[in-house]
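Here is a short briefing on one structure.

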Amino acid sequence: MKRRSLVAGNWKMNKTTVEAAMLSQDICNHYYNDYDNVETVLCPSFMALKTVGTVLDYDKSDIMLGAQDVYWQDNGAFTGAISATMLKSVGCKYCIVGHSERRQYFGETDESVNLKVRALLTQDITPIICVGENLAKRDEGEKAAIDFVTAQISAAFGEVGSDEAGRIVIAYEPIWAIGTGHTATPETAQEMCFRIRERIAEIYGLETAEKVRILYGGSMKPENAAMFAPQPDIDGGLIGGAALEAKPFLDIVKAFV
Ligand code: PGA
């Protein structure tokens, strides 16, 4: 089945609002709308969402707005938190959930990832669920890594109905590859993405699993994107460092056209 590719830029804690406006404008200025078979998403900080959303202006551009996190409650006394309703109100169509940095530094767990996924779906925002093993797990061997990641998948999809599951996006990001310059080989990444799809098929059936887009993330750059793009179970990329400037980011988008 042909899935539409997706390339998302995760800007992490980078760019002031003014810098975010400039970067998104630069990306739009150099974006061709013949990139039809790839969907592009920009995920700035919460601070810059509204500004970047204004630059993107969906009437003129195909580029979508995404957030980097969400809280699962809809409103109330949760100081510092941002709800899915708030994200929707500024035009977010996507939201990253369970990034390894959230798991490592902010206490994100498989349970909170699942709550966030369900909250996003109620607001029609597509979750981009991040999963991935650390180096110690990878060193235990491929089976240990696959068992770990597929367990993260099962937890994240808990109580998600089959009508919703097909629109979810997964990002396989081995932690040892994030920001390190060491990518997984295309074969290793493909094998894990295949296993992820297999697990989704076990839960929801093949038809749904074939709809789910699975991205690779971890030091993806213009120089290596073309190796990942032809892999049958890799449908795009989640890009950190290389998403902070327009040219390398757009060169990666082009690799998935
Ligand atoms: P990286 O980050 O491309 O800088 O490795 C990817 C990510 O963390 O999403």
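At what angle do the axes of helix α1 and helix α12 cross? They cross at roughly 45 degrees and come within 9 Å. The model is predicted.

**Helix α1 against helix α12**

- Helix α1 spans residues 17–29, and helix α12 spans residues 246–255.
- Angles of 65 to 115 degrees count as roughly perpendicular and those under 35 as roughly parallel, so α1 is oblique to α12.
- The crossing of α1 and α12 is right-handed.
- On the α1 side, Leu23, Asp26 and Ile27 make the contact.

**Helix α7 against helix α9**

- Helix α7 covers residues 142–156, and helix α9 covers residues 186–204.
- The axes of α7 and α9 come within 10 Å and cross at roughly 45 degrees.
- That angle makes α7 oblique to α9.
- The crossing of α7 and α9 is right-handed.
- From α7, the contact uses Glu142, Ala145, Ile146, Val149, Thr150, Ala151, Ile153 and Ser154.
- From α9, the contact uses Glu191, Met192, Arg195, Ile196, Arg199, Ile200 and Ile203.
- Nine nonpolar, two polar and four charged residues make up the contact of α7 with α9.

**Ligand site**

- There are 13 residues around the ligand. Lys12, His99, Glu173, Gly179 and Ser219 come nearest.
- A side-chain N or O atom of Lys12 is 2.7 Å from an oxygen atom of the ligand.
- For Glu173, a side-chain N or O atom is 2.7 Å from an oxygen atom of the ligand.
- Gly240 takes part through its backbone: an N or O atom there lies 2.9 Å from an oxygen atom of the ligand.

**Lys12 and its surroundings**

- Where does Lys12 sit? Lys12 is in the loop between β1 (5–10) and α1.
- Which side chain joins that of Lys12 in a polar contact of 2.9 Å? The partner is Glu101.
- Leaving aside residues up to four places away in sequence, Lys12 touches Cys43, Ser45, Gln68, His99, Glu101, Ile178 and Gly240.
- Among these contacts of Lys12 are His99 and Gly240. His99 is one of the residues that come nearest the ligand, and Gly240 has a backbone atom 2.9 Å from a ligand oxygen.

Key: Residues numbered from 1 in each chain as written. Predicted model: local features only at pLDDT ≥ 70, side-chain atom pairs only at ≥ 80, totals over all residues. Heavy atoms only, no water. Axes fitted to C-alpha atoms, helices over the stretch in contact; angles between N-to-C directions. Helix = DSSP H or I, 4+ residues; strand = E, 2+ residues; numbered from the N terminus. Parallel < 35°, antiparallel > 145°, perpendicular 65-115°, else oblique. Left-handed = near helix turned anticlockwise from the far one by under 90°. Contact = heavy atoms within 4.5 Å. Near = heavy atom within 4 Å. Polar contact = N/O pair within 3.5 Å; in protein donor to acceptor, adjacent residues only side chain to side chain. Nonpolar A, V, L, I, M, F, W, Y, C, P; charged D, E, K, R; others polar.
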